[in-house]
Amino acid sequence: GALQGLNKAETAKEYGEEQVHIWRRSYATPPPPLTLDDPRYPGNEERYSTLAYEELPLTESLKDTIERVNPCWEERITPKLHLYNTVLVAAHGNSLRALAMMLLHLTPDEIMKVEIPTGAPWIFELDDRFSVLKEYYI
């Protein structure tokens, strides 16, 4: 959305800390959308040139992110876990929050309180049905 790449402190000063927290941590409230003339609009990038306008999001809530992450989890990550037992997932913070929400079965209220530190690996130990046995940071 329109907050992409902006300084968090300056954004909080402009919109208020509470509103920025809601946009960054809530489940269903997306930040303001990008405009088509914004240089950050994904349609300006060569790698997205084959996608239709409707396929390029202008903003995204955590709910929207889960809709993207869940197929990745099911189609790409779980098959690798069956093969290798250990998989490293490196992703943007909201994608990691989506994955954590799915694995830990968190409610929208619970996920708002989750803070994922940058650069601190979050380990999830899973059983053979991919239920979380243990989770911790290293």
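**Entry 1: helix H4**

I compared the length of helix H4 (93-104) with its expected span, taken as 1.5 Å times one less than its number of residues. At 1.5 Å a residue, the 12 residues of H4 should span 16 Å, and the end C-alpha atoms are 16 Å apart, which agrees. Helices here are DSSP runs of H or I with at least four residues, strands are runs of E with at least two, and both are numbered from the N terminus.

The model is predicted: local features need pLDDT of at least 70, side-chain atom pairs count only at pLDDT 80 or more, and totals for chains, interfaces and linings use all residues. I number residues from 1 along each chain as its sequence is written, and side-chain values use heavy atoms, with hydrogens and water left out.

I next looked up burial, where buried means under 20% relative accessible area, exposed over 50%, and partly exposed in between (1.4 Å probe, protein chains only). In H4, 9 of the 12 residues are buried, so the helix is largely enclosed by the rest of the structure. The buried residues are Asn-94, Ser-95, Arg-97, Ala-98, Leu-99, Ala-100, Met-101, Met-102 and Leu-103. They pack against helix H2 (17-25), H3, helix H5 (108-112), strand E1 (122-126) and strand E2 (132-137), with contact meaning heavy atoms within 4.5 Å.

**Entry 2: the nonpolar core**

I then turned to the largest nonpolar core, which has 17 residues. Such a core is a set of buried Ala, Val, Leu, Ile, Met, Phe, Trp, Tyr and Cys residues joined through side-chain atoms within 4.5 Å. Leu-62, Ile-66, Trp-73, Leu-99, Met-101, Met-102 and Ile-111 touch the most other members. Helix H3 (62-84) and H4 each supply at least two residues of this core.

For Met-101, I left aside neighbours within four places in sequence and found contacts with Tyr-27, Leu-62, Ile-66, Leu-106, Thr-107, Pro-108 and Ile-111.

**Entry 3: Arg-25**

I checked Arg-25, which lies in helix H2. Its relative accessibility is 13%, so Arg-25 counts as buried. Beyond neighbours within four places in sequence, Arg-25 is in contact with Arg-97, Ile-111, Met-112, Val-114 and Glu-115.

**Entry 4: the second largest pocket**

I looked up the second largest pocket, with a volume of about 180 Å³. A pocket, on a 1 Å grid over the protein atoms alone, is an open set of points where a 1.4 Å probe fits, with protein on both sides within 12 Å along at least five of seven lines; lining residues have an atom within 4 Å of a point. Grid points are joined across faces, edges and corners, and the volume is the space filled by probe spheres set on the points.

The lining consists of Arg-68, Val-69, Cys-72, Ile-77, Val-87, Leu-88, Val-89, Ala-91, Ser-95 and Leu-99. H3 and H4 are the elements that give two or more residues to it, and H3 gives the most, with 4 residues. By class I find 8 nonpolar, 1 polar and 1 charged; Ala, Val, Leu, Ile, Met, Phe, Trp, Tyr, Cys and Pro count as nonpolar, Asp, Glu, Lys and Arg as charged, and the others, Gly among them, as polar.

**Entry 5: loop residues**

His-105 is exposed, with a relative accessible area of 66%.

Phe-130, in the loop between E1 and E2, has a positive phi of about 65 degrees although it is not a glycine.
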